[in-house]
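I opened this model to look at how the copies of the chain meet. My notes follow in the order in which I looked things up.

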Protein chains: 4
Amino acid sequence: MKNCRTDLAIEAADLYNKNPDEVKKIDGVTVETDEIKGIKITHVEITNKNGEEAIGKKQGNYITIESPKIRDNDEDAIAATSQILADKLREILHLNKKSTVLAVGLGNWNVTPDALGPKVVSNLKVTRHLFEYVPEHIDENTRSVCAVSPGVLGITGIETSEIIKGITDMVKPDVIIAIDALASRKTNRISTTIQIADTGITPGSGIGNKRKGLDKDYLGVPVIAIGVPTVVDAATVANDAIELLIENIKMLSDKNSAMNKLADSFDIEHRYPLIKEVLTPYVGDLIVTPKEVDGIIEEVSLIIADAINDALFGSKAG
Amino acid sequence: MKNCRTDLAIEAADLYNKNPDEVKKIDGVTVETDEIKGIKITHVEITNKNGEEAIGKKQGNYITIESPKIRDNDEDAIAATSQILADKLREILHLNKKSTVLAVGLGNWNVTPDALGPKVVSNLKVTRHLFEYVPEHIDENTRSVCAVSPGVLGITGIETSEIIKGITDMVKPDVIIAIDALASRKTNRISTTIQIADTGITPGSGIGNKRKGLDKDYLGVPVIAIGVPTVVDAATVANDAIELLIENIKMLSDKNSAMNKLADSFDIEHRYPLIKEVLTPYVGDLIVTPKEVDGIIEEVSLIIADAINDALFGSKAG
Amino acid sequence: MKNCRTDLAIEAADLYNKNPDEVKKIDGVTVETDEIKGIKITHVEITNKNGEEAIGKKQGNYITIESPKIRDNDEDAIAATSQILADKLREILHLNKKSTVLAVGLGNWNVTPDALGPKVVSNLKVTRHLFEYVPEHIDENTRSVCAVSPGVLGITGIETSEIIKGITDMVKPDVIIAIDALASRKTNRISTTIQIADTGITPGSGIGNKRKGLDKDYLGVPVIAIGVPTVVDAATVANDAIELLIENIKMLSDKNSAMNKLADSFDIEHRYPLIKEVLTPYVGDLIVTPKEVDGIIEEVSLIIADAINDALFGSKAG
Amino acid sequence: MKNCRTDLAIEAADLYNKNPDEVKKIDGVTVETDEIKGIKITHVEITNKNGEEAIGKKQGNYITIESPKIRDNDEDAIAATSQILADKLREILHLNKKSTVLAVGLGNWNVTPDALGPKVVSNLKVTRHLFEYVPEHIDENTRSVCAVSPGVLGITGIETSEIIKGITDMVKPDVIIAIDALASRKTNRISTTIQIADTGITPGSGIGNKRKGLDKDYLGVPVIAIGVPTVVDAATVANDAIELLIENIKMLSDKNSAMNKLADSFDIEHRYPLIKEVLTPYVGDLIVTPKEVDGIIEEVSLIIADAINDALFGSKAG
């Protein structure tokens, strides 16, 4: 759960507000969308520097799966989402039979909405040790999978990327799958949007700017990141409420009126003191979650673990 | 964790916005305030019908302990708060040596911010069974204490007050202490304000209006309620942000201007659609909590359990 | 988890050591056995005083389901066991459409092998409150089910049967289903044997002899008990080892030799000091469990919850 | 929790059965004993090859703290034990102010009696990250401490020693403190004996014989191991019962009688089939623990965490 306001590429790129036809025309960006059983799939590929600058993300593939019915515990939606995630993972992983996979559950297991990664990892099928200890029980289709939940800086005193670098150097996996809980800008994404990216996890600015990325540059191995929003910043909710009121005021007043100008004057910089006053003394650490977040994290972690097991072994064994 | 916007008498009565000197003049209301080591104690007593109507609460005693330094894990503040709570409990309980006490931990143990009551109860010293099974090990100063965590309606299918009524009829306690997590209107109250009331817990309106109260009327035994805010409704945060912006707009515009009137037009009824849009599709169930709510609940439940053990036994044994 | 050495009727009656043909001839006892997919089902019915004395149990039905493959996580065995348990429950419950059921999860949720009952209850479908609050969402086939986990005497200070009596008087169910973890005499029964009895739970001797039973006599409602062994007393293991050695010595020596007599002299009374020495200073509280007991309890509680949901609603919804 | 029958040096060396005066005479072994407030401290140092062979352990220091009153929750005993452990750790660690310490919580957090290590680590004060992020808040007496709980082979698919090797290579600590739950031969040692060794943790024989040790040879850094017995093998209990019976039979019969010889014939090899029959079908995985093991692990992990925090920071902050 990073401190930035959004961890979702689809939000960062603001692909919704932009006209999709315009986005498709950008040199260095391809966008494909699909819809299966009410589940929307958006695949953005950024192929050159121009695309990087236009979208504001590193070159690579970003797949977003939006499945709002998961929230209602709709069994068909859950099965279909897991299936789509498995298929997309297979595409983006393109493993061969001998590939070793290291799964990494990021986040703090003591903080409910941040425990998604460790919970997914606890439901993964782990096989790497069997090759050494009981090779006679391994059939030729079994892949070598290992998995860790490294904890977070405040618990270990060690950068997560350092821990993973150390383990990677010992295990020498062919690919890393990192699972993380994200912050979103929109409450309706909580537990219903899944993002896959093959560019790893690049730490944000601010406090994180000394941090090493969980990516190929640092680890020497491709990193596939799977993320699910589990919270929205409380500041985001306050900001959205203010923004919406301003929009409404502007709609209701003449374009050049003093009122309209006053509304305009509450730009992000001038909104911040208001938000701060509403949330004092917490601001940064206040999060918005569904009341039932404990149960939601449980449910979503099973969907993701099933999909990873399926992608790696062609089965859902937990 | 009830669905109403605030469970705190001090907020309901809006004692802060009213001039304390004026409140003191109301017939049927007495207010005493005290401050010990930076901890503010407000004791409101409502003594007649007129007071009930003026404040909007049942006749009885309402004690609020505000201890903001708890949040910083300040050990002195924690010890002092626990001590004050123990003292106030002793005052309001006025037990004799033979009194039997039933402690009730309200709330849902599967929902972190609602688990306060069950967690407190799990740290209480329980002695009632010793009187029957090992009377030789009971000294004359030991009080008979028993404790239950009845769960919530959605888990049991039974009204909490019915469960407690059934147990009360069997156990015949002299007083009930009920511990509950509350919703507050202000984020700065989360985990730092403790409310004691000797009027029990009266269910709110709306869905709860068929519900029987956890109070002397229904149970036949006085009910001392201890509550701590652990969440703020997300809708409250959105509403507060809008309200603050409106106030700012009004301050910045002429009193009789169109702008001022427009701002005025966003009264609570007209704000609601905006709030709903910001929080869609969640509205009612979205809560705002500190990110570290798991640890905070743990900490506060120990403070309260220590205070209750102290009030009942004169010791802090868990 | 009671302190007596065995809670299983099938062990108490020692039906295995007796010749089944002889048991069947006892007046007041009927025995039926069945085997489905490797799962053994024994149905003992005791119909009169003579049967009670011969078997040492109250008049009523005792059904034992032995499913050793559950231990290996065999999915077919798990599904078949759950199905058989659901069928047997339907037979023994003979509910009509309007019957209200109260499920009771006995045991201490803080002690892993004793947490079976509460874990089962947490996976049951609960509907009783829906009849009052959302009657429009209830179809005619929905049964009214409610459920509690009352805790244990050491946690609450209240006899479990008193708590259940109080709740029963309020809720007025037509039948109670009580789920409990048992102690067995044989390690191979741990988590693989399920016992159903329609005689409720009668507390043992010793410390429990003042206790009121969880049965129709005290509660006024039939009580169906479901039990699963999760531990063996450590003293039982020590005793079994000694017994086996004595048997071996006797086999290896002449029937009338001094050796044979010496071996005979280590009857249960003379074995006890040896057992005590081996287990000092624990004796009564030392238990034997599989190392993976946490996972086993999780698994078995799902099997039982599925079966109860199936028996009550004709579905497995959790 | 390793699979061998005992992890305690004091038991391996069988120092109790040997005459202490004789042990002290062995070349290459020194034994010092002390007793403080009823807590027995035994310090065995093995200084050369001859000592290694005589005792059957690697050269190094082995300190055993035996504190039986911990079991009764005696607060004085708990405080004194924690103090002694802190003092002995300081002696054996001999850190300077600039030393960085890596604490490692060994064991499986999903298996209650094996969760001791991770639980200790979760209560340690961690500071290493503060040096980089908030150096202004670090005073000169603060030591750099980091901590991980690597999980177990069956969960991660990676040898624990490999994970620690990888992290050690990144973090470059001056010393590692590894905390582990042990198996003991005697039930009375459960949760009351603490062992410190400066030789690390050397994996046993059998399945572990391919494993790399958690020691200076492999990691390049001294490893201080802290271990507490939390279980006894069920096979050990069965064996002890048989052994005791044989002793009794021999005492009761003439030295050269057939009976005495028969008893002798049940040596360890001939006892094994009996033990196997008693414990079938479990044998290796059945453990003996106090029924309240969940609470005991909680309690002991706090004692050890307090002692480590005290040894590293001169304070007990959690």
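**Contacts between the copies**

I began with the strands. Strand β9 of chain A is joined by five bridges to strand β9 of chain B (residues 286-290), and the two run antiparallel. I keep in mind throughout that this is a predicted model.

A:V288 has B:V288 in β9(B) as its bridge partner.

Next I took the extent of the contact. I find 41 residues from chain A and 41 residues from chain B in it. The area buried between chain A and chain B comes to about 4,000 Å². Carbon and sulfur atoms give 72% of that area.

I asked which elements of chain A give two or more residues to the side that touches chain B. They are α10 (234-252), α11 (258-265), α12 (268-279) and β9 (286-290) of chain A. From α10(A) come 12 residues, the largest share of that side.

I sorted the residues on this side of chain A by kind. The side that touches chain B has 26 nonpolar residues, eight polar ones and seven charged ones.

How many salt bridges cross the interface of chain A and chain B? The rule finds zero. I had that rule look for a side-chain nitrogen of Lys or Arg within 4 Å of a carboxyl oxygen of Asp or Glu. For polar contact, I note seven residue pairs between chain A and chain B, counted with both residues at pLDDT 80 or more.

**Symmetry**

I superposed chain A on chain B.

A rotation of 180 degrees superposes chain A on chain D, with 0.0 Å of shift along the axis and an RMSD of 0.1 Å. Which C-alpha of chain A is nearest the axis? It is that of A:G166, at 1.9 Å from the axis.

Last, I compared the interface residues of this pair. Chain A and chain D meet through the same surface, because 100% of the interface residues of chain A are also interface residues in chain D.

How values were computed:
Residues are numbered from 1 along each chain as its sequence is written. Chains are lettered from A and ligands numbered from 1 in the order in which they are written. This is a predicted model: local features need pLDDT of at least 70, side-chain atom pairs count only at pLDDT 80 or more; totals for chains, interfaces and linings use all residues. Side-chain values use heavy atoms; hydrogens and water are left out. Contact means heavy atoms within 4.5 Å. Buried area is the accessible area (1.4 Å probe) that two parts lose on being put together, summed over both. A polar contact is a pair of N or O atoms within 3.5 Å; within protein, one must be able to donate a hydrogen and the other to accept it, and residues adjacent in sequence count only if both atoms are side-chain atoms. Helices (H or I, at least four residues) and strands (E, at least two) are DSSP runs, numbered from the N terminus. Ala, Val, Leu, Ile, Met, Phe, Trp, Tyr, Cys and Pro count as nonpolar, Asp, Glu, Lys and Arg as charged, and the others, Gly among them, as polar. Two strands pair if DSSP finds at least two bridges between them. Copies are superposed by least squares on the C-alpha atoms of residues with pLDDT of at least 70 in both.
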